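Here is a short report on one protein model. Look over the sequence and the fold, then read on.

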Amino acid sequence: MRRLIFTLLLLVLLVGGGFWFYRGIMSREIHLNNFFVGNYDKGVDVSSYQENVDFEKLEEQGIKFAFIKATEGSGHVDKSFAEKWTAAAETDIKTGAYHYFSYESSGAAQAENFIKTVGDLSGHLPPVIDLELTPEEVENPPEKSVVVRGVKAFVAIIEEEYGVKPIIYSRQDYFKKYLADDFTDYPRWITNVFFPVFIEAGDGWLFWQYNDRGELEGYSGEKYIDLNVLNKGQSLESLLVK
């Protein structure tokens with residue numbers, strides 16, 4: 001009888017502990033991914049949400065690269081892009097610019113907005129197209145044909161301008177739904193802030209956003225900052241646009 005009671009108590013503890021652990025991950029109270037990025041080159045991605053970024057302070061904390069939001073859609077320019085782009089150039093942090101893609105304007109018009117804003121990328125990381133859905137778009141998602149047509153137009157112009165394939169930033173489920181049939185030969189920047197990226201993508205990634213609630217010193221405004229790593233099989237120097 002005692003053995004049965006002990007077994008039942010053990011099961012309760014295991015189930016309860018597992019539920020607590022899972023709940024901690026999903027609520028972001030536990031950052032499981034932090035245990036899997038110890039030896040990777042670490043970086044951040046920033047936008048106007050992070051004000052007055054001190055890139056020297058970020059560099060002191062081991063940050064090796066930074067992607068800075070430049071544009072969104074066909075007409076929007078991030079208000080802090082120019083300031084951050086200039087400030088980051090005073091450090092050894094390798095920088096790249098990213099574009100948040102909109103489904104409400106043509107890919108060509110968005111590419112021109114990015115090129116006009118960012119200009120020459122020699123010596124910088126490749127350009128990035130950020131592909132995701134807003135909460136409203138999750139409820140009413142765009143057709144696959146619309147996404148593919150727009151992205152193809154965007155990347156074609158970007159490739160011609162800079163001579164490199166842009167990096168595609170997305171969640172794995174987004175990639176599978178919209179992009180897997182046409183864009184498998186593009187470098188991937190995968191966001192998964194709950195579990196290690198290799199569980200769903202193996203080694204088929206270039207960058208991994210592993211935490212969207214990171215906290216570092218050196219910026220104001222938004223409390224959190226996105227944390228990323230470069231795949232160990234790559235080097236930042238080798239990725240720089242010629």
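Which kind of link do the side chains of Lys 57 and Glu 60 meet in?

## A pair within one helix

The side chains of Lys 57 and Glu 60 form a salt bridge, at 3.7 Å from N to O. The model is predicted. Both residues sit in helix α2 (residues 55–60). Because they are three residues apart there, about one helical turn separates them. Lys 57 is partly exposed, at 29% relative accessible area. Glu 60 is exposed, at 62%.

## Other salt bridges

The structure holds eight salt bridges. Side chains of opposite charge can pair when their charged atoms come close. One of the eight joins Glu 72 and Lys 69, at 2.6 Å from N to O. Glu 72 is partly exposed, with a relative accessible area of 28%. Lys 69 has 10% relative accessibility, so it counts as buried.

Lys 165 and Asp 185 also meet through their side chains, in a salt bridge of 3.6 Å, N to O. This pair links distant parts of the chain, 20 residues apart. Lys 165 is in the loop between α6 and β7 (167–170). Asp 185 is in the loop between α7 (172–179) and β8 (188–191). Each is partly exposed: Lys 165 at 33% relative accessible area, Asp 185 at 48%. Glu 159 joins Lys 165 and Asp 185 in a network of salt bridges.

## Nonpolar cores

In soluble globular proteins, nonpolar side chains tend to be buried together. Here the largest nonpolar core has 50 residues. Val 118 and Leu 179 have the most contacts inside it. Helix α6 (residues 144–162) gives this core its largest share, seven residues. A separate core has 14 residues, including Phe 67, Ile 167, Leu 239 and Leu 240.

Beyond residues up to four places away in sequence, Leu 179 touches Leu 131, Val 147, Ile 168, Tyr 174 and Thr 184.

## A buried asparagine

Asn 113 lies in helix α4 (residues 107–118). Its relative accessible area is 9%, so Asn 113 is buried. The side chain of Asn 113 reaches the backbone oxygen of His 76 at 3.1 Å. Leaving aside residues up to four places away in sequence, Asn 113 touches Thr 71, Glu 72, Gly 73, Ser 74, Gly 75, His 76 and Val 77. Glu 72 is also the salt-bridge partner of Lys 69.

## A nonpolar surface patch

Phe 35, Phe 36, Phe 198 and Ile 199 form a nonpolar patch on the surface. Together they have about 460 Å² of accessible area. Phe 198 belongs to helix α8 (residues 198–201). Phe 198 is partly exposed, at 42% relative accessible area.

Notes:
Residues numbered from 1 in each chain as written. Predicted model: local features only at pLDDT ≥ 70, side-chain atom pairs only at ≥ 80, totals over all residues. Heavy atoms only, no water. Core = buried A, V, L, I, M, F, W, Y, C linked by side-chain atoms within 4.5 Å. Buried < 20%, exposed > 50% of the residue type's maximum accessible area, 1.4 Å probe, protein only. Helix = DSSP H or I, 4+ residues; strand = E, 2+ residues; numbered from the N terminus. Contact = heavy atoms within 4.5 Å. Polar contact = N/O pair within 3.5 Å; in protein donor to acceptor, adjacent residues only side chain to side chain. Patch = residues over 30% accessible without salt bridge, like charges linked within 9 Å, V, L, I, M, F, W, Y side chains within 5 Å. Areas by Shrake-Rupley, 256 points an atom, 1.4 Å probe, with all protein chains shown as cover. Salt bridge = Lys/Arg side-chain N within 4 Å of Asp/Glu carboxyl O.
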